[in-house]
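Hello,

Here is the structure I promised to pass on. Please have a look at it first, and then read my notes below.

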Amino acid sequence: MRDRIQSTSAYLMLFALTMLSALLSFSVQASVETGWMSSPEHPPVRTRFVITGQVDETKQQVEGFLEVELSDGWKTYWRSPGEGGVAPSIDWHDSENLGDVDWHWPYPQQFDLLGIHTLGYQGDTVIPMTLTIEDWSQPVNLQATLRLSSCTTICVLTDYPFELSFRPDQLTLSEDAVYQYAQAISRVPKASPLIQSTQAIWNRDQQRLEVRVAKSLGWHLPEMVVGGATESSQEYGFKPLGLVVEQNTAVATFAVKSWLGEVHLDGRELRISIKDEHFLAEQSVIARSGRVEQSASITTMLGFAFLGGLILNIMPCVLPVLGMKLSSVLSTQGLQRREVRRQFLASSAGILVSFWLLAAMLVGLKLTGSVVGWGIQFQSPWFIGLMALVTMLFGSNMLGLFEIRLSSNTSTWLATRGGGRYWGHFSQGAFATLLATPCSAPFLGTAVAFALAASNVELLVIFTALAAGMAMPWLLVAMWPNLARALPKPGRWMNKVRALFGLMLLATSCWLLYLLANHLPIFWIILLAVTAIVVLLARIKRVYGDKAMALSGAILLFSLAGSLLVASVTTEHWATPLPQDPNWKPLSSHLIEQSVAQGKTVFVNVTADWCITCQANKIGVILQDPVYSTLLADNVVTIQGDWTHPDSAVTDYLRANGRYGVPFNIVYGPYAPDGIPLPVILTEQVVMDAMNMASKGVR
């Protein structure tokens, strides 16, 4: 009996010791931290300081991190905050047994507000730190004050005093804390062996800094930020002006400002942080005086944007809308000057608002990291289908097949408020803008590329200038209404002109259906086309009678059959038949570099089926001699990127060359390894000069 009692007691003692050991183990496993700290005066922010338990006894170092939780809309700052803000800091002055503290800063986000460029973080942010301990065998007593700046449209500077004690030789890992630390440290840029060279060229007169970073494997979509290597240089703001990729070198230009006045960077050490796809790096470099290429000013780009918008009026994309414009002009006959002015101002407003909506859409895409580009909405089958339906309805309306009537109550409501009659003119301007986007005009590509690479405010300003250029003909008539009243008086010719432009709009619908074939099976395209034809013939029968319907059907049928017959019979006898496309190879930066290394000339054509300017370049220049014969030569490699559908590789290539739309053509060769970009609208002379320069070094 006594043995059983002793055995039971032993088991109970062992169980108690086991539980006590587990309890002690659990207490050690818990992280050493301050707990969440907040200020009653500033509840959108809370923070805490955590020791993870990771130690390096040889170096007498302990790992920890600062965690900051920010409510929606609030942000805090990077080590170099930019043109505004204050970097987080901790005063360790009263701490005991603590040496140096190294902050490890994750790569920051870039913010632009009212033209002010800043760098920082939003949401839940973890900033790792390494604490060096003076005496490893003694406890560490942290008595510190965190000073944290947080901003929305206003900024609040808050102090968070905290205390924390621990023995470095008795720390045990906290699994959750180690995980958070590892996640954060993976976002901290470090020196990389892939970086071949880094240069920082400083121009004091321009207050410009040019940074050139060469990477052995080349760049995908690089982004670059600059910060001072010392606290004395962190009051400088480095505002990006643009970044281009030249072969394996990323070249970024920054405007440098300081609230202390003129900046002096010559001889100063800077830290260059670079972010690319699956790549983070940071390099230290000494800024040296030199010549920095002057980037295009916003004033110059505004001029380019205005001219680009003005020229859009005569591009083939906008031509189908000229019918509606002309109809509007003709309808002004006999109206008072005030009424004429209001109608044309309404059309101008439609253009302006449409460009603003496009700008807002692009800003939204930029903020979410999505693809941005001029005319990208034509990559969407829903957008193409909607535009096909709208052009068919507008064309049918001009042919007199449809007439949209509002109810008497609605008409009365609009009439009593005035302005309701201007919605049609407003929609003409908006519609013209949407159909203009697949076209690229001279100056337009430069202005759009600048806008998409600039701040959101500058993007809006550039698109406003584009709208002003496209709306200028309307604004001129609004300023001098007699220009519209000087046209011939309405008559029977007016109905014929309306019918002509109505047919042009229906032709545009056919073109849009052709584009839709890139997204839908041909069966559905044919079904949609047949349905549209049946509906139109039914409307013709109802409006103009059986004779008109039969005549229209016969003309349509014989035109289709005749064109197919003539084409099949006379193809070989055409005076200038279009040859087959060159043997285009898929777009590949590696193929370009390899071909140039072999001494070959490379012609790159980035195009899209919905881009009318692209098709004009192809038919008028690329498929015509002497350009076509040159492209077929053995020492020439032809490469094509198709942007008809969303394609990240094509988008990346465009952005790497500072372009955001198509067409884009560039020629590489032994004498032009960095490429010779060609203008938007090609000519035989331009292409041949570039080919000769790239291959032989002469024009």
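In which sense do strand β2 and β3 pair, and over how many bridges? Strand β2 (residues 37–39) pairs with β3 in the antiparallel sense, over three bridges. Before going further, please note that this is a predicted model, in which local features need pLDDT of at least 70 and side-chain atom pairs count only at pLDDT 80 or more, while totals for chains, interfaces and linings use all residues. Residues are numbered from 1 along each chain as its sequence is written, and side-chain values use heavy atoms, with hydrogens and water left out.

Two terms for the strands: helices (H or I, at least four residues) and strands (E, at least two) are DSSP runs numbered from the N terminus, and two strands pair if DSSP finds at least two bridges between them.

Back to β3 (residues 42–56). On to strand β4 (residues 61–70): β3 pairs with β4 in the antiparallel sense over nine bridges, and V55 stands opposite V62. The hairpin of β3 and β4 has four residues between the strands, and Q60 in that turn has a positive phi of about 55 degrees.

Now the charged pairs. A salt bridge here is a side-chain nitrogen of Lys or Arg within 4 Å of a carboxyl oxygen of Asp or Glu, and the count comes to nine. One of them joins K257 and E83, with the closest N and O atoms 3.7 Å apart. K257 lies in strand β17 (residues 249–258) and E83 in the loop between β5 (75–82) and β6 (89–91), so the pair ties together parts that are 174 residues apart in sequence. K257 is partly exposed, at a relative accessible area of 45% (buried is under 20%, exposed over 50%, partly exposed in between, with a 1.4 Å probe and protein chains only). Another salt bridge links R147 to D159, at 2.8 Å between the closest N and O atoms.

Finally, the helical part. An unreviewed UniProt entry lists "transmembrane region" at several stretches, including residues 344–362 and 522–538; such annotations may be inferred rather than shown by experiment. In the model, residues 344–362 are 100% helix, with end C-alpha atoms 27 Å apart. Residues 522–538 are also 100% helix, and their end C-alpha atoms are 24 Å apart.

Best wishes
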